[in-house]
Amino acid sequence: MSTNNLKRKARAEEEEDNQPLKKTATLHSDDEDSDDGLQEIVDVDFDFYNPDEIDFHALKKLLTQLFSSDAELINLGDLADILIEENHVGTTVKVDDQQSDPYAILSIINLQQQKCPKKNESLHKAVESILKSQQVGWVVSERFINMPVEVMPPMYAMLQEETKKAVQQNEPYSFEWYMFISKTYKEVNPTVEEDDDEVKKSANNETFYFQSEDEIIAKYAEYQFDYKFTNSEKEQAADSRRAFSDFGIEPSRKLLLVHQSKFDGLVDEISKTCASTAQ
């Protein structure tokens, strides 16, 4: 899979003309057919846009995916509004045009600006109590499962550039810490019958990441901890959770805190590791 023909997300003339800001990448997906061993190359043009009002419901859907069964405890509409209102920082990925739904979002929210939803105030206060006198930025990152990891390097590069530009303009995007919420899982004994005893013994306490770039973020995190869903009973009863349990997977979430001194290195490693090198 390769990324090429990248354009700048925001050209000066686009900003002046108030046109949609976009960046285009072509990703080539090599899929191997299990029957005849043939490879199929699929060209997909991904457009990178600033979050827009038309994205409101799609952003709520992505946030619901991030928070899982706890989503009903949070006013996701407020979070979506913040991402849209502060759209000079942050990027969505679309396939057709600006009017289509985004497949991914990467942005950042300043937790010290008192913009977190009221229903999420307890989380905001908890983070404040841990890092009371320091600025914390929550990096909001979520994408649909079929989106390739190759879209993340340009998105992180744009986020890095946009936050630096915002700081130069005296906007509140200078952070001491960057907070990430990562979707993780651990291997457990499957609930379905298994004939192979080796499969049953394979469960361990190692943490795995649904999104591969999160493994890189974890390497740079100075503080990290797992947390359970508040609606744990609903999570366990969900059809998707039962499907995971049947095959020996226990989904969870991890909170990661990365110091600002390591953020540039994190972005560089995501660019080197997650970007395709194939031409």
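A salt bridge is a side-chain nitrogen of Lys or Arg within 4 Å of a carboxyl oxygen of Asp or Glu. In this structure, the side chains of Lys 254 and Asp 226 meet in one, at 3.1 Å from N to O. The search of the whole structure finds six salt bridges.

This is a predicted model: local features need pLDDT of at least 70, side-chain atom pairs count only at pLDDT 80 or more, and totals for chains, interfaces and linings use all residues. Residues are numbered from 1 along each chain as its sequence is written, and side-chain values use heavy atoms, with hydrogens and water left out.

- Helices (H or I, at least four residues) and strands (E, at least two) are DSSP runs, numbered from the N terminus.
- Lys 254 is buried, at 7% relative accessibility.
- Asp 226 is partly exposed, at 37%.
- Buried means under 20% relative accessible area, exposed means over 50%, and partly exposed lies in between (1.4 Å probe, protein chains only).

- Asp 264 forms a salt bridge with Lys 164, and their closest N and O atoms are 3.7 Å apart.
- Asp 264 belongs to helix α10 (residues 263-274) and Lys 164 to helix α5 (residues 152-168), so this pair links parts that are 100 residues apart in sequence.
- Asp 264 is partly exposed at 35%, and Lys 164 is partly exposed at 42%.
- Glu 269 meets Lys 219 in a salt bridge of 2.7 Å, N to O.
- Lys 219 lies in helix α7 (residues 213-220) and Glu 269 in α10, so the pair ties together parts that are 50 residues apart in sequence.
- Lys 219 is exposed, with a relative accessible area of 58%.

- Helix α10 has twelve residues and spans 16 Å from its first C-alpha to its last, close to the expected 16 Å.
- The expected span is 1.5 Å times one less than the number of residues.
- Its buried residues are Phe 263, Leu 266, Val 267, Glu 269, Ile 270 and Cys 274.
- Seen down the axis of α10, these buried residues fall within an arc of 165 degrees, so they line one face of the helix.
- The arc is that of the directions from the helix axis to the C-beta atoms.
- An α-helix has 3.6 residues a turn, so residues three or four places apart point the same way.
- Among the elements covering the buried residues of α10 are α5, β7 (177-187), α7 and β10.

Methods: Contact = heavy atoms within 4.5 Å.
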